[in-house]
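Thanks for sending this one over. Here are my notes, point by point, for you to read alongside the model.

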Amino acid sequence: MTEPELVEGLINQDKRAIQYLVDHHQKDVIKTAYYFVSIMEDAEDLSQEVFLEVFRSIGRYKRNASLSTWIYRITVNKSLDHLRKQKRRNIFNQVKSLIRVSHDGTNIISKEPPTLDTRNEDNEKRQILDTAVNSLPENQKIAFILSKYEEMAYKDIAEIMNLSVSSVESLLHRAKLNLQKKLVNYFSEYAKTIT
Amino acid sequence: MQKPLHNVECSFIRRNLFFYQEYQLSDKDNKEFEAHLISCAECSRIVSEFQSVTSVIDLRKTDEPNPFAGTRLIQRLESEMESIKEKREPLFLRILQPLSVAALLVIAVIIGFSIVKQREPGISAMSNHQQEIQSIQSDLNIPDFVDEDETFFQTTK
């Protein structure tokens, strides 16, 4: 099925077109969402939202970018929305915890960084990296994830982000500098806690 | 703490962790970077931890989604298709229903008027007939019948 045929099929709600779309794009969508949100189940749920959005707004799809680029854009936007909501929820929960702390007099939030010497070492590493990546400015985060996790070419990232290739290069450079700074700070803090 | 022997500073190492890992340093910088690590335990530890944490990126690439995610998605999209169809039908009905009710009302009013019009000649004919009797009565000077002594009708008291 060619891309115009697929788009036409989706507009006409053709079941074969839907099946083709899911077969050819769902895995990429889930994986991209997963690299942003870090939880596979959340990424799978997000992929449903992405495809519903694709399905609902296929009539508005302008064919100046490829369909997969358009789907990537929707995926990135949905993932960032999810992270924003999660951040708001976390802030709300932290405020709730703080209120509870002031009532009980006991601190629930651990200020110590998680240690690497645990059974679940991989999970700890993931947590450290996710925290650092999630603290990056949004554009740097998108460029970093699409480049390092998705292994996309700068040209493709530029198309998804609607930026020039040089802007993407610059974003990536800054993302790496920021990330290594955050990680080095974390490792130095960690070293202080064990000495 | 052991002091680095090389002329490269620790800050150089910490600024170039990614670029060292991705082989983006020049040969000269790469050599100095590695030479510094031999002489600086702290930088060596940081590089090792950095590589350990960033190895998670490759680890994550191997994670696979649920194989049934596709089936669930197809079901969801099909139900969405159905709901779109259902949404379309009420829209159609929303226009058709009031229109048909209004049409029925108009028809009922028209039928009502036509029935009244059909009955109107009968009513006027009856009133003409009464007028005719009254004129005959007055012409013949026949007084209205009054049963004064209640010969024919007895009123109850």
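1. The contact between the chains takes 28 residues from chain A and 25 residues from chain B, where two residues are in contact if their C-beta atoms, placed from the backbone, lie within 7 Å. Elements giving two or more residues to chain A's side include H2 (15-37), H3 (40-57) and H8 (165-194) of chain A; helices here are DSSP runs (H or I, at least four residues), numbered from the N terminus. H2(A) gives the most, with eight residues.

2. This is a predicted model, in which local features need pLDDT of at least 70 and side-chain atom pairs count only at pLDDT 80 or more, while totals for chains, interfaces and linings use all residues. Residues are numbered from 1 along each chain as its sequence is written, and chains are lettered from A and ligands numbered from 1 in the order in which they are written.

3. On confidence, the complex has an ipTM of 0.77 and a pTM of 0.70 from the predictor. Chain B averages a pLDDT (the predictor's confidence in each residue, from 0 to 100) of 82, and 79% of the residues score at least 70. Within chain B, helix H5 (residues 69-140) is lowest, at a mean of 80, and helix H2 (residues 17-21) is highest, at 94.

4. Do look at Ala33(A). Not counting residues up to four places away in sequence, Ala33(A) touches Ala43(A), Leu46(A), Ser47(A), Thr75(A) and Ser79(A).
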